[in-house]
Amino acid sequence: MPAELQRKIIHIDMDCFYAAIEERDDPTLRGKPVGVGGSSRRGVLTTANYEARKFGCRSAMPVFMALEKCPELIIVPIRFDVYKRDSLRIREIFSRFTALVEPLSLDEAFLDVSHNPEPGTIIASRIRQLIREETGLNASAGIAPNKLIAKIASDWKKPDGQFTVSPADAAKFMRELPLRKIPGVGGKTAERLSAMGMETCGEYRKIDKFEWARRLGGYGSELYERCWGRDERPVNPDSPRKSLSIENTFSENLHSLGMLEREMGAMLDELEEKLSSRHSERKVRSLVVKLKFSDFRRTTAERAHPEIERGIFRELLEEADSRSEGKPSRLLGVGVRFHDIPEVEQMELF
Ligand code: TTP
Ligand code: MG
C-alpha cells in the first residue's frame with residue numbers, strides 16, 4: 001500500500017471502566033476487590049476491577065459465583081448516569097484530535113488520525129494523559145494501520161498501556177494470534193475451526209483464500225484477509241446500531257409460560273416506547289425473543305417482521321420456551337433487529 005494511503009487508527013478502551021469510576025468516587029474501595037453489578041445475589045457483574053479479576057471474577061458472571069470465587073468482593077450498584085457522563089467527557093477529548101470518532105460502547109472507540117502528521121504513538125499517549133488528568137481514569141490504546149489490529153493491540157498492554165503495530169509488522173503480529181481473538185469469531189466458529197485443525201491465524205492462512213471461500217463462503221475469504229492483518233473498513237463516525245433490546249434477569253426463576261408472557265407484556269411496552277421515541281427513523285427487520293434457563297443455556301427465536309406485533313412475540317416466546325427441557329427461566333429478552341441503513345459509497349460501487 002503506498003505510504004499516502006496508509007492509515008493511522010487508534011482504538012481506545014478504558015480499563016475496568018465502571019469499576020474504575022466507582023473506585024475514583026469512593027477512595028475506601030481502592031486496592032480492594034470490587035465488582036459492579038445487580039444488587040441481589042441473582043444479578044450479574046457488569047465488570048470487576050483488576051484485584052477481583054485475580055480471583056477469577058469477570059463481566060457477566062452471576063454475583064453468587066463471583067462471591068464464591070472471592071468472598072471479600074465488594075459489590076457496588078450500577079450508576080449508569082455517572083458512567084455516561086464520563087463517557088461523554090472522554091468523547092469530547094477524542095474530538096480535539098479528529099472528527100472521525102466511532103464509539104463502540106460507553107468506554108471504547110476507534111479514531112482515525114491519518115491526517116495528523118504526528119506519530120500515532122504520540123497522539124495516543126497524549127489522549128491517555130488527557131483522559132487521566134480530566135477524568136481520573138486510565139485508558140489503554142492500540143495504534144495500527146486498521147481497525148482490526150488497533151482493537152487487538154489495545155488489549156496487549158492492558159491496563160494503562162498502549163501498543164503500536166506498524167504496517168510492516170501487521171502480518172507478523174497476526175501470525176501467532178489465536179483465531180478466537182479476531183472480533184467476529186465467536187465460540188462456536190472457533191470450535192468449528194479448531195475441529196479443522198485451525199487454532200491460529202498463521203495456520204489459517206496456509207490454506208489459500210479460494211479454498212476458504214469454497215469451504216466457508218464469503219466469511220471464509222474475509223477471515224483469510226483478517227488473518228493477514230488486512231482490514232479496510234473505514235472509521236464510521238455515526239455507525240448505526242443494529243438492534244434494540246430489553247433484557248430482564250428475574251429475582252425468582254419463572255416456571256410457566258404464563259408468567260413469562262405477563263413479564264413480556266411490560267417489556268414490550270418499554271421496547272415500543274424506546275423505539276418510537278429514539279429510533280423512529282429506523283426500519284425494523286425482525287423480532288427476537290431470548291431466554292436463559294436456570295442451567296444457563298440460552299436460546300433465541302427470531303422472525304422477520306416490520307413492526308412490533310405482540311401475537312408474533314407470543315409465538316416466539318412459545319418457541320423459545322419449548323426448548324426449556326423443563327427448566328425454569330432466569331432471563332427474558334425482547335428486541336428488534338434493524339435493516340441496515342444503505343451506505344451511499346456502497347451503492348455507488350454497483
Ligand atoms: P469492557 O471494556 O469489556 O470491560 P472493562 O472496561 O470493565 O475492562 P477492561 O479493562 O478489560 O476493558 O466493558 C466496558 C464496560 O461495559 C464495563 O466496565 C462494564 C460494561 N459491561 C457490561 O455491562 N456487561 C458486560 O458483559 C461487559 C463485557 C461490559
Ligand atoms: Mg474497557
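Me: How far apart do the C-alpha centres of domain 1 and domain 4 lie?
Reply: This is a predicted model. Domain 1 covers 9-16 + 81-167, and domain 4 covers 243-341. The C-alpha centres of these two domains lie apart by 35 Å.

Me: Which residues lie between the two parts of domain 1, as domain 2?
Reply: Domain 1 is given in two parts, 9-16 and 81-167. Domain 3 is 176-227. Domain 2 is assigned to residues 17-78.

Me: Which protein residues are donors of the magnesium ion (ligand 2)?
Reply: In sequence the donor residues follow the spacing D-M-x92-D. The protein donor atoms lie 2.0 to 2.2 Å from the magnesium ion, and a donor has to be within 2.8 Å of the metal. The residues are D13 (OD), M14 (O) and D107 (OD).

Me: What is the geometry of the site of the magnesium ion (ligand 2)?
Reply: The ion has six donor atoms, with angles of 83 to 176° among them. Six donors count as octahedral if opposite donors are over 155 degrees apart and all others between 65 and 115. The site is octahedral.

Me: Is D13 buried or exposed?
Reply: Buried means under 20% relative accessible area. M14, another donor of the magnesium ion, has 2% relative accessibility and counts as buried. D13 has a relative accessible area of 15%, so D13 is buried.

Me: Which peptide bond is cis, with omega near -5°?
Reply: One of its residues, P159, lies in the loop between helix 6 (147-154) and strand 8 (162-164). D160 lies in that loop too, and D160 has a positive phi of about 55° although it is not a glycine. The cis bond runs from K158 to P159.

Me: Is E325 buried or exposed?
Reply: E325 lies in the loop between helix 13 (310-321) and strand 12 (329-338). E325 has a positive phi of about 50° although it is not a glycine. Exposed means over 50% relative accessible area. At 61% relative accessibility, E325 is therefore exposed.

Me: How many disulfides does the count come to?
Reply: A disulfide needs two cysteine sulfur atoms within 2.5 Å. By this rule the count is zero. For C57, the nearest cysteine sulfur is that of C70, 4.9 Å away; for C227, the nearest is that of C201, 3.7 Å away. The number of disulfides is zero.

Me: Which residues is N116 in contact with, leaving aside its neighbours within four places in sequence?
Reply: N116 is found in the loop between strand 6 (108-112) and helix 5 (120-135). Its relative accessibility is 15%, so N116 counts as buried. Contact means heavy atoms within 4.5 Å. With those neighbours left aside, the contacts of N116 are K8 and I123.

Me: How many bridges join strand 10 to strand 12?
Reply: Strand 9 (residues 243-254) pairs with strand 12 in the antiparallel sense over eight bridges, with S243 opposite R337. Strand 10 (residues 284-293) also runs antiparallel to strand 12, and V289 stands opposite V334 there. The bridges joining strand 10 to strand 12 number nine.

Me: How many of the residues of strand 12 are buried?
Reply: Strand 12 pairs with strand 9 and is joined by bridges to strand 10. Strand 12 has 10 residues and is mostly covered. The number buried is nine.

Methods
Residues are numbered from 1 along each chain as its sequence is written. Chains are lettered from A and ligands numbered from 1 in the order in which they are written. This is a predicted model: local features need pLDDT of at least 70, side-chain atom pairs count only at pLDDT 80 or more; totals for chains, interfaces and linings use all residues. Side-chain values use heavy atoms; hydrogens and water are left out. Donors are N, O and S atoms within 2.8 Å of the metal (3.2 Å for Na, K and Ca); water is not among the atoms, so sites may look incomplete. Four donors count as tetrahedral if all angles lie between 85 and 135 degrees; four count as square planar and six as octahedral if opposite donors are over 155 degrees apart and all others between 65 and 115; anything else is irregular. Buried means under 20% relative accessible area, exposed over 50%, partly exposed in between (1.4 Å probe, protein chains only). Helices (H or I, at least four residues) and strands (E, at least two) are DSSP runs, numbered from the N terminus. Domain bounds come from an automatic or database domain assignment. Two strands pair if DSSP finds at least two bridges between them.
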